[in-house]
Amino acid sequence: MPSLKDLRNRIASVKATQKITKAMQMVAAAKLRRAQTAAEAARPYAERMSSVLGNLASGIVVGPETPRLLAGTGSDRVHLLIVCTAERGLCGAFNSSIARLARDHANRLMAEGKTVKIICVGKKGYDILRRQFAQQIIELIDLRSVRQLGFEQGDMIAQKVLARFEAGEFDVATLFYSRFRSVIAQIPTAQHIIPAQIEASGTSSDAVYDYEPEEGEILATLLPRNLTVQIFRALLENAASEQGARMSAMDSATRNAGEMIKKQTMTYNRSRQAMITKELIEIISGAEAL
Amino acid sequence: MATFNFELVSPERVLFSGDVDAVVLPATEGDMTVLAGHAPTMTALKTGFLVITSTPGNGRRILVRGGFADVNQNGLTVLAERALPAEELTQEILDHEILQAEMAYDSTNDQAAKHAAESAVAQLREAKAALNF
């Protein structure tokens, strides 16, 4: 049976924790709003980009002249996994669910006898994956010093990926991130980015396009840019998902702390009452004995 | 005058969306004006001012840096890598852009990229002069 003082201390410490989780929840809510607007503002560009690319690619016959970013290298022996996670923890299952998806994917590929290479964006995913894939992780991209995610970060990562692709280090690239559905629903997603996935455009008409400069030249500049856009979009979706996950995690933590305080206070009051009753009985029985 | 639908999007946001009379694009092969009923065209953009005319004699200028324009039967879509409306431009922003373009020029050895960066610097200088900074 803990003493009254122990109980008091415990209640005080849970209350302090509750204050912290409550504050974190509110900070996450404020950040979420900003991240969500940014993610939504970026969507039109990414959508237009893929429809323009779809228009362009539908008119192209895959041949030896086709850029390798679109047609692939012709083999799928070496896979690159780009795993985007958060830089900070305390956001529920956010980091671990992305890492789990990536790990399952990597295990499946390795079971098929393929070579796997991993680039981690964000420290948390690296911490989780490095236990099992220390050999496979080739790079850790740290975005901790970045305060406001911009297009430059997406571009920086895309340039690194492109440089490795040009050097023939891998054949297929897959991007792992969490798609932001709502505050309580974030969906870990795997997206093929190299070779580019072109959705068949519904608006493909027989109208003949004029290209300025040449078709191939436009495609050659458009494809790397598409990669940047996809990565940038993943980063933004991830940022919004992270804040959403943190908000709901901290919300339930605050609620748990509240319940715990209630329970502890009840025990505290009970044992205080028991002590008073006991003392009274002692006094009364002492008086009766006289 | 016939109008057509025009959308200008940058990675960060949608800058313009609506019906316009004419748009002047800084295309890589020279400036071009898009009017309603333009033939389907796809062109790359260089650094320069994009001018939107929604009422005759009244233009809105937006500085774009690289990107693509897609004209089809639904209208014109411009995907700009970077877009800054002229009214938001300040000397600091322009100086920063010029510095970036100069750095791009210095950091590359590719002839085409060097040429592109050089013309970007020239265009930005011109923009700076045009805005009286």
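Strand E6 (residues 210-212) of chain A pairs with strand E5 (residues 41-45) of chain B in the parallel sense, over three bridges. Two strands count as paired if DSSP finds at least two bridges between them. The model is predicted: local features need pLDDT of at least 70, side-chain atom pairs count only at pLDDT 80 or more, and totals for chains, interfaces and linings use all residues. Residues are numbered from 1 along each chain as its sequence is written, while chains are lettered from A and ligands numbered from 1 in the order in which they are written. Helices (H or I, at least four residues) and strands (E, at least two) are DSSP runs, numbered from the N terminus.

**Where the chains meet**

- Within the pairing of the two chains, Asp210(A) has Thr41(B) as its bridge partner in E5(B), and Tyr211(A) has Met42(B).
- E5(B) also pairs with strand E7 (residues 58-72) of chain B, in the antiparallel sense over five bridges.
- Thr41(B), the partner of Asp210(A), stands opposite Val71(B) in E7(B).
- In total, 20 residues of chain B are in contact with 22 residues of chain A; contact requires C-beta atoms, placed from the backbone, to lie within 7 Å.
- On the side of chain B that touches chain A, the elements giving two or more residues are E5, E7 and strand E8 (75-85) of chain B.
- E5(B) supplies the largest share of that side, four residues.
- By class, that side of chain B has ten nonpolar, six polar and four charged residues.
- In this classification, Ala, Val, Leu, Ile, Met, Phe, Trp, Tyr, Cys and Pro count as nonpolar, Asp, Glu, Lys and Arg as charged, and the others, Gly among them, as polar.

**The helix pair of chain B**

- The axes of helix H1 (residues 91-107) and helix H2 (residues 111-130) of chain B come within 8 Å and cross at roughly 160°.
- Axes are lines fitted to C-alpha atoms, for helices over the stretch in contact, and angles run from 0 to 180 degrees between N-to-C directions.
- H1(B) and H2(B) are therefore roughly antiparallel to each other, a term for angles over 145 degrees.
- Residues of H1(B) that meet H2(B) include Leu94(B), Ile98(B), Ala101(B) and Tyr105(B); among those of H2(B) in this contact are Ala117(B), Val121(B), Leu124(B) and Lys128(B).
- The contact of H1(B) with H2(B) divides into ten nonpolar, no polar and six charged residues.
- Gln100(B) is also found in helix H1 of chain B.
- Gln100(B) counts as partly exposed because it has 17 C-beta neighbours inside 10 Å; a residue is buried at 20 or more such neighbours, exposed at 12 or fewer, and partly exposed in between, with C-beta atoms placed from the backbone.

**The sheet of chain A and its helices**

- Five strands of chain A form an open sheet with mixed pairing, in the order E3-E2-E1-E4-E5.
- Its edge strands are E3 and strand E5 (186-194) of chain A, each of which pairs on one side only.
- Neighbouring strands of this sheet are turned by 20° against each other on average, direction ignored.
- Strand E4 (residues 172-180) of chain A pairs with E5(A) in the antiparallel sense over eight bridges, with Ile187(A) in E5(A) as the bridge partner of Arg179(A).
- Helix H6 (residues 215-289) of chain A lies across E1, E4 and E5 of chain A, running at about 35° to E4(A).
- Helix H4 (residues 123-133) of chain A has as its buried residues Lys124(A), Gly125(A), Tyr126(A), Ile128(A), Leu129(A) and Phe133(A).
- The cover over these buried residues of H4(A) includes strand E1 (78-84), helix H3 (94-111), strand E2 (115-121) and strand E3 (137-141) of chain A.

Definitions and conventions:
Parallel < 35°, antiparallel > 145°, perpendicular 65-115°, else oblique. Contact = placed C-beta atoms within 7 Å.
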